[in-house]
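Please read the following alongside the sequence and the coordinates, moving from one part of the structure to the next.

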Amino acid sequence: MGKEGEGSPFEGRSLTVVNDFSIDEQLYLYEQTRELKRALGAGEDVGRFAINEPSMGLYLIFLEDSTRTKESFRNAALFHGVKVNDFNVAGSSFNKMESVTDTIKMLTGYSERSVFVVRSKLEGTCRWLDDAIGAYAARIGRKAPSFINAGDGKHEHPTQEFLDEFSFLEQKRWDRSAIHLALVGDLAHGRTVHSKADGLRIFKSVRVDLVAPRELALPAHYAERMAHNGFGVRQFDSIEDYVSQGDLADVWYFTRLQLERMGEEVLEKAPLLRRAVTFRREFLDKLGPETRFYHPLPRHREAPEIPSFLDDLPLNAWDFQSINGYYTRIVEIAMLQGKLGADFSGEPKRQPVYTDDFVEEVEVRQTKAHDYKVGIKPVENGIVIDHIGRGENIARTWDHIDKVRRIMKLNYRSSHGVYHSSSDSMYKGIVSLPDILSFDERQIKMLAAVAPGCTLNMIAGSRVRKKYRLHMPPRIYNLSVISCKNDACISNPRHFEQVRQEFYRAEKSSFVCRYCERPHDFGEIWDL
Ligand code: NCD
């Protein structure tokens, strides 16, 4: 991170997604919260948790509506005796088209140190602000602020996740050996559900039952992440289907139908969809005695997923859950401000290391350049890019060649074509460039990203002198021809936040946006 304080490994950090804390760091948060809650309940002195620094400012910037998250943060800040600023979004310069980045820059100047709690429909906002504001703060002689994501679009809601897990741990009496959880409701739009793909990792064995009709199903990349994290995942279309088989979870997590995020087509079906994920009296006797229901809230007042006849039953864990938001958020603020954490001794969060493993030098077996039957003449000196889009159909291979030429701006004397590979009968594209003798690192990286699997042949005196096979680079950034295609991402050019585009290589040859973490097919990130 580069901005940790002396004593606490958490000082100055941001909380943009659940994984910004390692599992041990999450457990530390839960242990501290447990102790705080106990001490408060016993009427003991809780001074060691409190920051008490009026020069620190906590900004509540809620660009989407909120009750619990905002008010629990406000009350947590009051506990800490710090300045609380409730940013008036409706009357602010956002309405004069000011960017979020400019607004936060300005606010950073008002306190010696600041924590920004930001809720936005733009995904990845806090990650971007954390990247962008640090250098600015140093320039004006302020400490880099911490950013806390209080919900970003359909992406994540890490502080809700932490209070949810804390509540599950209470139900389990702090036994982390296993959890069996049903996620019920709008799994498509619910960011509190998406954060569970990582947050549940504190349990050693995790079973997740996804209960939602197809229209509200968990996006595939979150289901894949759950499977990747070793969770056993099952899917059901409705509560009715779910209860008709005997194996039910003892932790049920409901979410609201987020009608405000749904398109017309899905909205029309809302009553039917709602019925599929609303609990009914007839299901009650199927539940085990230990079963508890949770909900991040709010509930729909006319058609609640958890109907009000359940409110006074022992099933009701959602009321306790929402109170836990106050305790966990006190501890989160204390950690990020370095008030807590000096005694942390677990495994810290590791920053990813990017190795340049994408350029592989391969043995030159046949030194004489190929003599192709059609088209390309062997070059005497220059570069031949071979195996472009190998294995794709003929039309896609032509497109691929075209893409390579446009993105790499290969406007030179050259030739190209689609051929059969000599070792098998797959199609591949070749571009032959007699005027170019070498590519720099940036061009090689670009080529690797546009045409992973291609080979680069350096030819001199009609002989292949060096041959490289290019693989997907681990990270692609700083290119003017790439952009995130998620309309709701802060980095999408349509939002004019001037975010530097950045993607990471993920499994299955996809690239994940640094900000919204949406996977892209490698062909998709290019604008040309
Ligand atoms: C949730 C949210 O905003 O993501 N609410 C909350 O923070 N307690 C869920 C919702 O809006 O339904």
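**Aromatic residues, ligand and cysteines**

In this predicted model, Phe254 is buried, with a relative accessible area of 0%. Trp252 is likewise buried, and its relative accessible area is 0%. Counting ring pairs over the model gives 21 aromatic pairs, and one of them joins Trp252 to Phe254: the ring centres are 6.0 Å apart and the planes stand at 25 degrees, so the pair is stacked, given that planes under 30 degrees apart count as stacked. Both residues also belong to one aromatic cluster, which is formed by Phe236, Tyr242, Trp252, Phe254, Phe279, Phe283 and Phe293.

From the aromatic residues we turn to the ligand. The residues around the ligand are, in order of sequence, Thr69, Arg119, His157, Gln160, Arg191, Thr192, Arg256, Gln258, Pro296 and Leu297. Sorted by class, this shell holds five polar, three charged and two nonpolar residues.

Several polar atoms of the protein can be followed to particular atoms of the ligand. In His157, a polar side-chain atom is placed 2.8 Å from an oxygen atom of the ligand, whereas the side chain of Gln160 has an N or O atom that is 3.3 Å from a nitrogen atom of the ligand. For Leu297 the backbone is involved, with one of its polar atoms 3.0 Å from a nitrogen atom of the ligand. Taken alone, the ligand would expose 320 Å², and the protein buries 93% of that area.

The cysteines remain to be considered. How many disulfides does a search of the whole structure find? The search of the whole structure finds zero disulfides. Cys516 is accordingly in no disulfide, and the nearest cysteine sulfur, which belongs to Cys484, is 3.6 Å away; a disulfide would require the two sulfur atoms to be within 2.5 Å. Cys516 is buried, with a relative accessible area of 3%, and Cys454 is also buried, with a relative accessible area of 0%.

Definitions and conventions. Residues are numbered from 1 along each chain as its sequence is written. This is a predicted model: local features need pLDDT of at least 70, side-chain atom pairs count only at pLDDT 80 or more; totals for chains, interfaces and linings use all residues. Side-chain values use heavy atoms; hydrogens and water are left out. A residue is near a molecule or strand if one of its heavy atoms lies within 4 Å of it. A polar contact is a pair of N or O atoms within 3.5 Å; within protein, one must be able to donate a hydrogen and the other to accept it, and residues adjacent in sequence count only if both atoms are side-chain atoms. Accessible areas come from the Shrake-Rupley method with a 1.4 Å probe; for residues, only the protein chains shown count as cover. Ala, Val, Leu, Ile, Met, Phe, Trp, Tyr, Cys and Pro count as nonpolar, Asp, Glu, Lys and Arg as charged, and the others, Gly among them, as polar. Buried means under 20% relative accessible area, exposed over 50%, partly exposed in between (1.4 Å probe, protein chains only). Rings of Phe, Tyr and Trp (its six-membered ring) pair if their centres lie within 6.5 Å; planes under 30 degrees apart count as stacked, over 60 as edge-to-face and the rest as tilted.
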